[in-house]
Structures are given as structure tokens and as C-alpha cells.
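Please look through the sequence and the model below before reading on. The paragraphs that follow lead you from one residue to the next.

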Amino acid sequence: MNYTCKCELRTYMSQCLAETRKKQNLSQTKFSELLMMDPRSYADLEHGQCLCCTLTFVLFLVFCCKDRDALLEDVKSLILKACNGGYPIS
């Protein structure tokens with residue numbers, strides 16, 4: 001279950017980061033600066049090779065994300081789907 005959640009979140013965040021960066025007409029380097037990370041590490045995120053850390057997620061959520069509520073609802077749905085709706089607290 002943990003692995004499934006991570007895979008789903010990694011795919012979702014990869015798409016979310018890439019779409020947001022492109023909508024804001026920013027290079028990967030400039031976007032990585034906003035997220036306080038190395039450009040190569042950011043490229044790995046955008047290509048779905050890893051999942052972002054908590055700091056990166058919070059920076060994205062607070063400073064880059066236009067619809068925070070929608071993002072959090074999407075993340076909640078992904079987690080519930082990965083757990084087959086059986087997450088202990090809903």
C-alpha cells in the first residue's frame with residue numbers, strides 16, 4: 001500500500017510540477033530556484049524519477065500552486081484509491 005501511494009503521488013506531482021512551471025513560462029532552473037533545490041534534482045522530479053520532499057511540496061503549495069484546495073483533494077483521492085478506500089481515518 002505504501003509503495004502504491006508513493007508511485008501514484010510521484011506521477012501526480014510530476015505532472016503537476018511540469019504543468020505549473022510551463023503555465024508560468026519558467027525554465028526548470030528558475031522553477032528549481034523557487035523550490036530551493038538543485039536544477040538536476042528538480043528535473044528528476046519532473047521526469048517522475050523521485051517524489052518531492054516535504055519542504056519542496058510546501059514551497060510548491062504555498063508559492064506556486066494556484067488551486068491549493070484542488071491539489072489537496074486530488075492527493076486525498078489518490079491516497080484513498082491506493083488504499084482501496086480503506087484509509088483508517090477519513
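**A threonine and its surroundings**

Leaving aside residues up to four places away in sequence, T20 touches F31, F60 and C64, where contact means heavy atoms within 4.5 Å. This is a predicted model, in which local features need pLDDT of at least 70 and side-chain atom pairs count only at pLDDT 80 or more, while totals for chains, interfaces and linings use all residues. Residues are numbered from 1 along each chain as its sequence is written, and side-chain values use heavy atoms, with hydrogens and water left out.

T20 itself sits in helix α1, which covers residues 2-23; helices (H or I, at least four residues) and strands (E, at least two) are DSSP runs, numbered from the N terminus. With a relative accessible area of 14%, T20 is buried, a word that here stands for under 20% relative accessible area, whereas exposed stands for over 50% and partly exposed for what lies in between (1.4 Å probe, protein chains only). A polar atom of the T20 side chain lies 2.8 Å from the backbone oxygen of C16.

One of the residues that T20 touches is C64, and C64 is buried too, with a relative accessible area of 3%. How many disulfides does the structure hold? The structure holds 0, if a disulfide is taken as a pair of cysteine sulfur atoms within 2.5 Å. C64 is in no disulfide, and the nearest cysteine sulfur, that of C65, is 8.6 Å away. For C5, the closest cysteine sulfur belongs to C83 at 4.2 Å, which is too far for a bond; C5 is buried, with a relative accessible area of 13%.

C65 is found in the loop between α4 and α5 (68-82), and at 10% relative accessibility C65 counts as buried. Not counting residues up to four places away in sequence, C65 touches F60 and L71. The C-alpha atoms of C65 and T54 are separated by 15 Å, and these two residues are 11 residues apart along the chain.

Terms used: Polar contact = N/O pair within 3.5 Å; in protein donor to acceptor, adjacent residues only side chain to side chain.
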